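Please view the sequence and structure alongside the text.

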Amino acid sequence: ERSSSLRIERPTSLVIRQHRRNSLPSPSVIKAIVHTPDLERVRSFSLTRDGLKNCGDKIRRRSTYSIATSEGPDSLSTGATSSLESICQRQQFKVAIIGSAGVGKKSLKNQFATSEELYINNKNDSNRDQGEICVLMDDEESCVIFVDETELANQAENELVDSIVVVFSVVDNKSFKNGVRKIEMIRQEFEFEKPLFLVANKVDQARQRVVTEKDAKKVATRYNCKYIETSVALNHNVDQLLAGIIRQVRSRRQSSTYNPECEMTKDTKTASMFTKILLQKLMKIGHPDFLCTRLFDV
């Protein structure tokens, strides 16, 4: 039975794909769905030979964790079971986004939450702080919890974040210098060895740019950071940054629990992967620029 009104109690069949904007429901309909307490959005990506592929955003119920897809309501019973298993197995990451005021930290977090530019075109949405985002990448789901600088300072020693993202504006040299000082403190004083990202935001304002890409890359290389240039206003490289964070954190967690002598006898596939990682690191020697700008290399 069809109804012209939106019924939240019934799973909504909706997949939001970045490359099919003309077929999307109106922004008001999408906002009503996503902002409903018992529904959540799941970002979906796949790493291919050609780079990162946006597989579309999915909407699912929080209560049943059933992912609503274009296959229709009849497929939800099976989808609910597989999705529930995914929820139970998903990893939880904690990521801090820090930087000077006005560099676009909150807008960046909000754009992480969707393939569409909803939070840029709507002032009310741009003020909505996205603290937690679900991401499905390469058939593995992760829940990314974002914290700000104040929350980072209050973290207990046993609850340290998995990654830190330092954002600066390319049109504000002071924000860049502040970002460099933060990175120095993170690496040298705090001895933070987990993934660290330096993000140059607002690259769409090319005429007002005062911080060069060359200078930013030097800092990233010196302190072993991943570097990327973004424009939240144009949704440029935002997906790449989100996927890069997840990729680096996953790799870090795997390497920290990896025991060659034990794992090689248990799983030849894992051993082969470990050898591949070593070869990739060998190839990076002497190519610092390649190292800092390739977010998906581990």
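## Terms and basis

A residue is called buried when its relative accessible area is under 20%, exposed when it is over 50%, and partly exposed in between (1.4 Å probe, protein chains only). The model is predicted, so local features need pLDDT of at least 70 and side-chain atom pairs count only at pLDDT 80 or more, while totals for chains, interfaces and linings use all residues. Residues are numbered from 1 along each chain as its sequence is written, and side-chain values use heavy atoms, with hydrogens and water left out.

## A buried arginine without a salt bridge

R187 belongs to helix α7, residues 173-189; helices (H or I, at least four residues) and strands (E, at least two) are DSSP runs, numbered from the N terminus. R187 is buried but has no salt bridge, a salt bridge being a side-chain nitrogen of Lys or Arg within 4 Å of a carboxyl oxygen of Asp or Glu. The nearest side chain of opposite charge is that of E193, 7.6 Å away. For charge, Lys and Arg count as positive and Asp and Glu as negative; His and the chain ends are not counted.

The R187 side chain does reach the backbone oxygen of N224, at 2.8 Å. Apart from neighbours within four places in sequence, R187 is in contact with F192, E193, K194, L196, Y223 and N224, where contact means heavy atoms within 4.5 Å.

## Salt bridges

The whole structure holds 11 salt bridges. One of them joins R60 to E40, with the closest N and O atoms 2.6 Å apart. This pair links distant parts of the chain, R60 in strand β4 (residues 57-61) and E40 in strand β2 (residues 39-48), 20 residues apart. R60 has a relative accessible area of 1% and E40 one of 6%, so both count as buried.

R60 also forms a salt bridge with E141, the closest N and O atoms being 2.8 Å apart. E141 lies in strand β8 (residues 140-147), so its pairing with R60 in strand β4 ties together parts that are 81 residues apart in sequence. Both E141 and R60 are buried.

E149 and K182 form a salt bridge with closest N and O atoms 2.6 Å apart. E149 is in helix α6 (residues 149-153) and K182 in helix α7, so parts 33 residues apart in sequence are tied together. E149, at 33% relative accessibility, is partly exposed. Elsewhere, salt bridges that share partners join R41, R43, D57 and D239 into one network.

## T221 and C292

T221 sits in helix α8, residues 213-222, and is partly exposed at 34% relative accessibility. Its C-alpha atom is separated by 6.0 Å from that of C292, 71 residues apart along the chain.

Terms used. Polar contact = N/O pair within 3.5 Å; in protein donor to acceptor, adjacent residues only side chain to side chain.
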